[in-house]
Every structure is written in C-alpha cells, then in structure tokens.
Amino acid sequence: MSKRPLILVTNDDGITAPGLRTLIAVMHKIGDVVVVAPDSPQSAMGHAITINSTLHMEKVTIDGNQPEYSCSGTPADCVKLAVNEILDRRPDICVSGINHGSNSSINVIYSGTMSAALEAGIESIPAIGFSLLDYNWNADFEHCKSFVETITRQVLKNGLPEGVVLNVNIPNLENDEIKGIKVCRQARANWKEEFDKRTNPMGREYYWLSGKFVNMDKGEDTDEWALEHGYVSVVPVHFDLTAHHTIQKLNTWELNNE
C-alpha cells in the first residue's frame, strides 16, 4: 500500500479561522495533515518574513488529532519553520487558505495566503492557495470542499512545473450555481487607493486606507471574468518576476560606456 501524502496546511487569517478549519477537514480525506499557521490574522502581509524580532511557536490542539503549531510570524515564516524545524520529511503538497476574501488579479501580490504557497514553491513543494470571495468571518465554506478536493488530488496526481503554484479563487455562490473550474490568466486590474485623513484627540494626523478595485481587462480568459461568470478560477503563478520579453529590448540600450 502506498504511503498517504503528507500535507502541510497554513493560511493568513490565523489558526482559528473557519476557512482553515474547512481546509483541514478536506485534507484529512486525502492524506496526513500537519498545520502550521499564524497565531493571529496576517492578511495583506505579502511575502514578509520576520528578521528583526524573535519567532515563537506553540503546539496547540483546536480540533481533530492532527499536529498543529501556532506561529507568531507571517505566513511565509510558517512555511519556513514547518520545512526546517517541524516536519521530519518534506511535504508532498502545501495548501494555504481557505482565505476569507478574494486573492484574484493584483491581490496575489499582497496576499499572505498566496505568499505561503509561493514560499512552498521556492522550496520545490507543490502548492495551492485557496480563497473564497466572501470576507465574512462566518462565511459558509461548504460549497468549496469539492473543488478544493478535486484540485488538490489533481496536483498530487500530475504534479506542477518547478516553481509554479496555483492561485484558486471560488465565487460566493451556491454549489449548483457554479459552472465549473476554469484555468485562467491573471487579470490586469488594480486598486485605486484613497486615504481617509483624520486627526486624533492629541492633534496628530492619521490615515485609513480605502479604495476601489478597478478591472481594466476585458479579456474572457482572465480570473476576474471567470469569477464574474460563475466559475472557479485557477491561475498558475510563479515567483520569477523577470520580464523575459523585455530582456532583448534592454540589450539594445547603450548601457556600457566604452
């Protein structure tokens, strides 16, 4: 009998988040689960790591009998600690989420959920970040389960190219309203930021960041299009930020003084 896959589970909403607990439950159907997650919410931390303070980790029991570790650091810290300090062998896959809220389009840059997955990718571990388009802490994740299981099993079966991880977003719809799963590219969209400037009772100015999400991309092959039309979006992403298509152009510049 083949060994059950070892699955590292993490997130950015914190170790008690309902989305994480749902992901753990699904992963138990697939393999042996180890959880390493932040002890508090770390949303929008991007790929931050802790270098100017100490990291603390505590073994905890929340539900189930899987090993769980609560970490004082970021999602990327959690993966680093799991690989280097906790696990006695490399995980067969790392799954991150299920995030409370969208990580489609430009949000992948800011996402702690996806940064945990990308950190696993840096370690040559197949990885997936899962997100539900519902920011409510008490969101219903039930309809996510079948999609999470299907995509995870397919990654374990087929593997992923070196350094590539999957960014999966699930629309906030009833299960029978979701049309299927669509592999997409990342939409060209961003946030138009606004800052609410205020003054505290001591006379010191402070700011609240707000803004509006603007999708400039009219393509029908993007994650935003898929989500708006009732599909689960799957975008393959990687951590190599090189703009390869620009290298040839830059080599025509007079960069060397000779």
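**Entry 1: Thr74**

I call a residue buried if its relative accessible area is under 20%, exposed if over 50%, and partly exposed in between, using a 1.4 Å probe and protein chains only. I note that this is a predicted model, in which local features need pLDDT of at least 70 and side-chain atom pairs count only at pLDDT 80 or more, while totals for chains, interfaces and linings use all residues. Residues are numbered from 1 along each chain as its sequence is written, and side-chain values use heavy atoms, with hydrogens and water left out.

I looked up Thr74 and found it buried, with a relative accessible area of 5%. Thr74 sits in the loop between β4 (68–71) and α2 (75–86). Helices (H or I, at least four residues) and strands (E, at least two) are DSSP runs, numbered from the N terminus. I then listed the contacts of Thr74, where contact means heavy atoms within 4.5 Å. Leaving aside neighbours within four places in sequence, Thr74 touches Pro38, Gln42, Met45, Ala48, Ile49 and Thr50.

**Entry 2: Helices α1 and α5**

I examined helix α1 (residues 18–27) and found 8 of its 10 residues buried, so I describe α1 as mostly covered. The buried residues are Gly19, Leu20, Arg21, Thr22, Leu23, Ile24, Val26 and Met27. Among the elements that cover them are β1 (6–10), β2 (32–38), β6 (127–132) and α5.

I next compared the axes of α1 and α5 (residues 145–158), which come within 10 Å and cross at roughly 55°. Axes are lines fitted to C-alpha atoms, for helices over the stretch in contact, and angles run from 0 to 180 degrees between N-to-C directions. The two helices are therefore oblique to each other; angles under 35 degrees count as roughly parallel, over 145 as roughly antiparallel, 65 to 115 as roughly perpendicular and the rest as oblique. I recorded the crossing as right-handed, meaning that the near helix is turned clockwise from the far one by less than a right angle. At this crossing, Thr22, Leu23, Val26 and Met27 of α1 meet Lys145, Val148, Glu149 and Thr152 of α5.

**Entry 3: Aromatic rings**

I found 2 aromatic pairs in the structure. Rings of Phe, Tyr and Trp (its six-membered ring) pair if their centres lie within 6.5 Å; planes under 30 degrees apart count as stacked, over 60 as edge-to-face and the rest as tilted. Phe195 and Tyr207 are edge-to-face, at 6.4 Å centre to centre and 90° between the planes. Phe195 lies in strand β9 (residues 189–199) and Tyr207 in strand β10 (residues 205–215), so this pair ties together parts 12 residues apart in sequence. I noted Phe195 as exposed at 55% relative accessibility, and Tyr207 as partly exposed at 47%.

Trp225 and Tyr231 are stacked, with 6.3 Å centre to centre and 20° between the planes. I also saw Lys182 over the face of Tyr231, 4.6 Å from the ring centre. A charge counts as over a ring if NZ of Lys or CZ of Arg is within 6 Å of the ring centre and within 35 degrees of the ring normal.

**Entry 4: Backbone**

Most residues other than glycine have a negative phi, and most peptide bonds are trans. I found a cis peptide bond between Gly97 and Ile98, with omega about -15°; Ile98 belongs to strand β5. Ser105 has a positive phi near 50° and is buried at 0% relative accessible area. Ser124 has a positive phi near 65° and is partly exposed at 42%.
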